[in-house]
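Here are my notes for your first look at this model. Keep the structure open beside them and check each point as you read.

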Amino acid sequence: MISILIADDHTLMREGLKQILAASEDVIVSGEACDGFDVLDKIRGGEYDLLLLDMSMPGRNGVELIKQIKTEKPRLPMLVLSMHKESEYAVRALRAGAAGYLCKDSASKQLLRAIREVAAGGRFISPELAADLAFGVIRQDNRPPHALLSDREFLIFRMLAAGDGITAIAQRLNLSAKTVSTYKTRVLRKMQMSSVPDLVRYGLAHGLLDEPTKH
Amino acid sequence: MSRFDSLEVWLKMVALVVLYLLLAKLVLFLFGGNDVVGFSWLASGVALPVVLLGGYRYLPAVFLGALMAAWLVGKSPGLALAIALGHAGTVYLGIWLLKRDARFDPSLSKLDDYLRILVLALGFGLITAVFMQVMGWLTPLLAGSQSFTQRVLGNALSIVLIMPLILVWRRWPRAWAAPRKAGEMALIIGISLLLGQIVFLGWFQDFLGHIARGYWMFPIVAWAAVRSGPRGTVVILPVIALQALIGARSAAGFASIDIAQTPLENFFFYMTSLSTVGMALATYASGHERVEAEILATKNQLQATLDAIPDRLFEVGLDGRYYSFHFHHSDLLPTRLNGALSRNLLEVLSQEAAEVCMSALQEASEKGWSMGKTFVVPQIDGERRYELSVSVKAGPAGPDRRFIVIARDVTERMRDEEKLRASEAALHELASFLQRVREDDRARFARELHDELGQNLSALRIDFDRLANELATAPPLINSRLAAIDGMIDATVEATRRICEDLRPAMLDDLGLEAALASHARRFSKQSGIPCDLSLDREDYGLDSTLSTAIFRIVQESLTNIARHARASHAMVTLEDRGDDLLLSIGDDGCGMSSKLPGERRTHGLLGIRERVKMFGGRIDIDSSPERGTHIEISIPRTRELPR
């Protein structure tokens with residue numbers, strides 16, 4: 001039996017969730033909280049197998065609340081329930097210590113599955129966000145620095161490495177010289193280099209300059 | 001050159017040739033047979049100024065005239081040809097030399113110009129004489145009775161007398177149309193004629209003969225010179241010369257023995273000194289007149305300029321003493337300044353105002369000018385503020401230096417400027433207040449929509465899903481109704497979410513600026529199809545909500561502009577933490593803002609951005625052109641006391 005604490009400031013929402021869970025054999029709602037302080041009180045007072053947490057409750061900022069709970073109850077799995085479909089929310093919630101992130105829209109279909117997975121020590125992400133997040137994860141892997149550059153940044157990187165000046169690049173790309181310098185700063189920062197000669201060396205070493213650009 | 005001009009030149013040439021013939025005839029008639037002077041004697045005085053003024057194109061006419069004149073007076077064709085060639089060549093040489101002298105003024109406004117004519121005449125006479133001499137050696141026909149000196153002086157004289165006449169009278173004087181002036185001129189010419197007759201032709205010889213001498217002519221020439229300038233003088237001189245010549249020819253009067261004893265030398269030097277004196281006086285007098293006219297014109301100009309200046313204008317010494325003043329409207333005079341002349345400004349002005357004036361004088365005496373110092377004078381209708389500008393009068397430095405001081409009443413201007421500043425400040429405050437109110441309202445609406453409607457919809461969805469689940473086996477009619485409701489709920493949820501986001505992105509409050517910017521940039525790219533590179537150099541900039549909102553709104557507005565107007569293929573947004581301030585750059589590679597495209601919306605968008613930047617004490621720099629796209633660079637200080 002998975003004992004859970006539901007934290008949501010809307011009674012209607014809590015009722016709805018309880019009804020979904022009532023249909024299941026293995027989940028029991030052992031407590032309810034209606035704002036951030038309430039949640040903290042409840043988890044300090046009782047033991048739960050899982051916290052079902054609404055991210056946007058009055059009082060504390062959602063991410064901060066997750067962090068706080070994580071420090072107080074590091075072993076309590078948290079499934080975040082949210083209205084927001086943007087991956088930023090999921091990323092912040094997961095990074096702050098949540099084990100799962102579920103959009104409210106898909107609650108009726110996914111809630112039980114999510115609770116079971118998270119309670120078993122696993123992780124869960126709403127299918128709507130899976131694709132977005134996958135790219136975020138890929139970005140974390142150890143590809144060469146130039147792969148981190150956007151298309152435009154890569155183009156400007158190659159022009160810089162080929163010895164083109166800011167003004168020449170600006171003219172060819174129809175950009176303000178200032179925009180190009182901003183790009184240059186960004187390229188150097190992303191590549192973790194300090195000067196154009198570094199870019200040239202890198203370009204040569206990785207065979208990125210083999211097609212000489214025509215002027 | 002138009003056809004008409006060219007016709008005119010031809011006519012003039014023909015006239016010149018005819019004139020040569022007539023003048024040769026005249027000389028023949030006056031001095032016929034006796035060879036005192038050559039036939040081209042008068043004509044050279046005409047030919048030189050014609051070529052000088054009209055150009056070398058008249059040389060052929062000069063040549064032809066001389067040729068026909070020589071033939072007219074009975075020279076053989078070969079000799080006539082040689083004489084005409086020599087004559088035209090000498091004219092060419094003389095004019096060529098004269099034109100090389102850059103200082104020569106053909107209107108003979110200076111004595112120098114007249115002296116140059118004198119030298120030219122002598123040179124011309126000399127060359128002609130040498131030429132005749134050589135010809136005389138070659139052909140006995142031309143040996144004649146003339147001496148070398150006679151030839152030189154004879155040829156020179158006509159030039160000295162006729163050339164100035166033509167040069168000076170080239171333009172008709174307007175002033176002489178005045179009856180008094182014309183009357184005086186007629187009187188001068190009449191007296192001159194009479195005196196000439198007496199002196200040179202022996203009129204009234206019985207009782208004046210022994211005292212009628214050449215010097216009689218000097219006073220009348222001096223009179224003509226002083227009263228009429230070169231114009232009158234150049235008329236009188238040839239007349240006198242003609243009278244003298246006739247006298248010499250008929251062995252009467254003052255020049256009676258000139259031809260016989262001195263081959264015209266006495267006559268020539270007499271005429272030369274008479275005309276030099278006359279022309280010297282004339283040019284000096286007319287020069288003086290011109291300068292006087294210029295001074296008068298300058299004075300009038302200055303007076304009118306002064307009258308047009310609405311300011312008070314003083315001349316004061318370094319010690320503050322008034323020397324003169326000029327007021328446009330004396331009734332506007334500050335009463336305490338009345339009768340200020342020859343007093344000291346220290347006595348007239350308050351101590352504070354006087355100190356300002358003295359420091360302005362001091363500054364002007366050091367720098368040469370002083371501007372912008374202001375002081376206050378209390379008056380019946382309240383205080384008035386004056387602005388000083390001071391210049392130094394030219395002259396030796398020292399305690400006697402004088403200054404021109406303009407005191408401009410700037411009371412209204414200062415008041416208006418003050419009002420303008422205040423109203424501008426109020427406007428900014430209002431704009432900033434409205435901005436804040438609007439932002440707060442939007443945030444509240446978004447929050448309420450989200451909390452009330454959004455949450456209710458989520459709950460509704462859960463309930464509905466359960467219900468739909470339980471009714472899975474219901475008749476198809478009910479199921480299709482359920483599916484419709486399902487779609488309606490989805491659409492409503494989506495609409496609510498969109499309205500909330502448009503009002504104010506929840507992420508800005510929930511997750512902070514960084515996440516909100518990332519999400520917005522992504523949404524922008526998806527909706528507009530323009531890739532947008534966002535680069536943030538911090539995970540968390542630690543900005544307060546107001547500043548975060550401002551930066552977010554600026555980026556939002558800029559990206560909206562890019563999507564709407566820029567026709568860009570790339571956009572980029574960079575936020576850089578520089579310690580004390582943040583540097584926000586937004587760039588694109590589109591068509592720039594200078595195109596005709598931007599309507600009011602765009603200008604307003606930019607205005608909003610500027611207003612926000614100003615609110616935070618930031619600086620905005622926009623670089624935009626069709627060739628370079630648009631680059632907006634904004635720096636905003638991190639810490640700033642916000643107007644509350």
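1. **Helix H3 of chain A.** Bear in mind that this is a predicted model. Start with helix H3, residues 62-72 of chain A. Its buried residues are A:Gly62, A:Val63, A:Leu65, A:Ile66 and A:Ile69. Looking down the axis of H3(A), you find these buried residues within an arc of 160°, so they line one face of the helix. On the other side of H3(A), A:Glu64, A:Thr71 and A:Glu72 are exposed.

2. **What that face packs against.** Which elements meet the buried residues of H3(A)? In chain A they are helix H2 (36-45), strand S3 (50-54), strand S4 (78-82) and helix H4 (87-96). Chain B contributes helix H15 (506-510).

3. **The sheet of chain A.** Chain A has an open sheet of 6 strands. Their order is S2-S1-S3-S4-S5-S6, and the pairing is parallel. Strand S2 (27-33) and strand S6 (124-125) of chain A stand at the edges. Each has a single partner strand, so one side of each is left without a neighbour in the sheet.

4. Strand S1 (residues 2-7) of chain A runs parallel to S2(A), joined to it by 6 bridges. For A:Ile4, the bridge partner in S2(A) is A:Val29. Helix H5 (residues 107-119) of chain A lies across S1, S2, S3, S4, S5 and S6 of that chain. H5(A) runs at about 175° to strand S5 (100-103) of chain A.

5. **Two crossing helices in chain B.** Now take helix H2 (residues 41-54) and helix H4 (residues 77-100) of chain B. Their axes come within 10 Å and cross at roughly 50°. The crossing of H2(B) and H4(B) is right-handed. The contact is made by B:Ala47, B:Leu48, B:Val51 and B:Leu52 of H2(B). From H4(B) come B:Val91, B:Gly94, B:Ile95 and B:Leu98.

6. **A covered strand in chain B.** Is strand S8 (residues 581-588) of chain B mostly covered or mostly open? Mostly covered: 6 of its 8 residues are buried. Strand S7 (residues 571-577) of chain B runs antiparallel to S8(B), with 7 bridges joining them. B:Ala571 has B:Asp588 as its bridge partner. The hairpin of S7(B) and S8(B) has 3 residues between the strands, and B:Gly579 takes a positive phi near 90°. S8(B) also pairs with strand S10 (residues 629-637) of chain B, in the antiparallel sense, over 8 bridges. There, B:Ser585 stands opposite B:Glu633.

How values were computed: Residues numbered from 1 in each chain as written. Chains lettered and ligands numbered in written order. Predicted model: local features only at pLDDT ≥ 70, side-chain atom pairs only at ≥ 80, totals over all residues. Buried ≥ 20, exposed ≤ 12 C-beta atoms within 10 Å, placed from the backbone. Helix = DSSP H or I, 4+ residues; strand = E, 2+ residues; numbered from the N terminus. Arc of directions from axis to C-beta. Contact = placed C-beta atoms within 7 Å. Pairing = 2+ DSSP bridges. Axes fitted to C-alpha atoms, helices over the stretch in contact; angles between N-to-C directions. Left-handed = near helix turned anticlockwise from the far one by under 90°.
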